[in-house]
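Reader: I am new to this structure and would like to learn how to read it. Could you take me through it one feature at a time?

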There are 2 protein chains.
Amino acid sequence: MLVSWVQQAAFDPPSVTVAIKHGRPAGPMIDGSKRFTLNVIGEDPSAMFKHFGKGFAPEDDAFKGLKIEPTEFGPLLLDCIAQLGCEVTQKVNVGDHDLSVAIVAAGRGTPGAKPYLHTRKSGLSY
Amino acid sequence: MLVSWVQQAAFDPPSVTVAIKHGRPAGPMIDGSKRFTLNVIGEDPSAMFKHFGKGFAPEDDAFKGLKIEPTEFGPLLLDCIAQLGCEVTQKVNVGDHDLSVAIVAAGRGTPGAKPYLHTRKSGLSY
């Protein structure tokens, strides 16, 4: 899934938080595995937005057609600029979202590549 | 203080999280008041970096020389592009930082103004 709200939360151990809206299928999947991969989209997000923006039925393979590398944390998307393998340590309810607090246990990146950043005009929608 | 890691965490109620390193004087202040103001720096951060980057002794007035407006959440910095009055609802320890989870209870912004964004080359330092 596409996540909008991610931040670094510690240096030691290297940690991130990710907010996932209630009702998204990825929520229970992460609750079960306690793991996820954060694939960081590069400056041109169009291919990933097109692929993940269309939505999937539960029985669909959400990664079909993408270059991936399976790992213990989930698939790395090789057309992204960085891939972080994350182990969930805490889940915190925040209003209509759940915040997964996770240690970055594995990682890979493309030196010099810049991430896609989106500044919204309002905090009332993604 | 300058904070590096902030994210939106919910729409309803509108919420943010802010990570503050252990040992920073602002940590106990927020623990005591359960409130803070998040002042969002605009595209040119140089004035705010110069002011807040120099550090303060505990007895110093950290806002001396800045245009401010006092509020129940703390001083609004009028040379910032947005000011969010936040009420802390949870504090979550994440490694060497504490994450304050807070409802945005008041806010003001400058239409069309863009925030300063900094993409670090590495997650190992601010």
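Author: In this predicted model, 38% of the 126 residues of chain A count as buried, where buried means under 20% relative accessible area. The accessible surface of chain A comes to about 7,300 Å², and 55% of that belongs to carbon and sulfur atoms.

Reader: Which residues have the most contacts inside the largest nonpolar core?

Author: The general idea is that in soluble globular proteins nonpolar side chains tend to be buried together. Here the largest nonpolar core has 18 residues, and those with the most contacts inside it are Val92, Val94 and Leu99 of chain A together with B:Val92, B:Val94 and B:Leu99. At least two residues of this core come from each of β1 (6-10), β6 (82-94) and β7 (97-109) of chain A, and likewise from each of β1 (6-10), β6 (82-94) and β7 (97-109) of chain B. If neighbours within four places in sequence are left aside, B:Val94 is in contact with residues including A:Ala9, A:Val101 and B:Leu99.

Reader: In what order do the elements of chain A run?

Author: Chain A has 2 helices and 7 strands, and from the N terminus on they run β-β-α-β-α-β-β-β-β.

Note on methods
Residues are numbered from 1 along each chain as its sequence is written. Chains are lettered from A and ligands numbered from 1 in the order in which they are written. This is a predicted model: local features need pLDDT of at least 70, side-chain atom pairs count only at pLDDT 80 or more; totals for chains, interfaces and linings use all residues. Side-chain values use heavy atoms; hydrogens and water are left out. A nonpolar core is a set of buried Ala, Val, Leu, Ile, Met, Phe, Trp, Tyr and Cys residues joined through side-chain atoms within 4.5 Å. Buried means under 20% relative accessible area, exposed over 50%, partly exposed in between (1.4 Å probe, protein chains only). Helices (H or I, at least four residues) and strands (E, at least two) are DSSP runs, numbered from the N terminus. Contact means heavy atoms within 4.5 Å. Accessible areas come from the Shrake-Rupley method with a 1.4 Å probe; for residues, only the protein chains shown count as cover.
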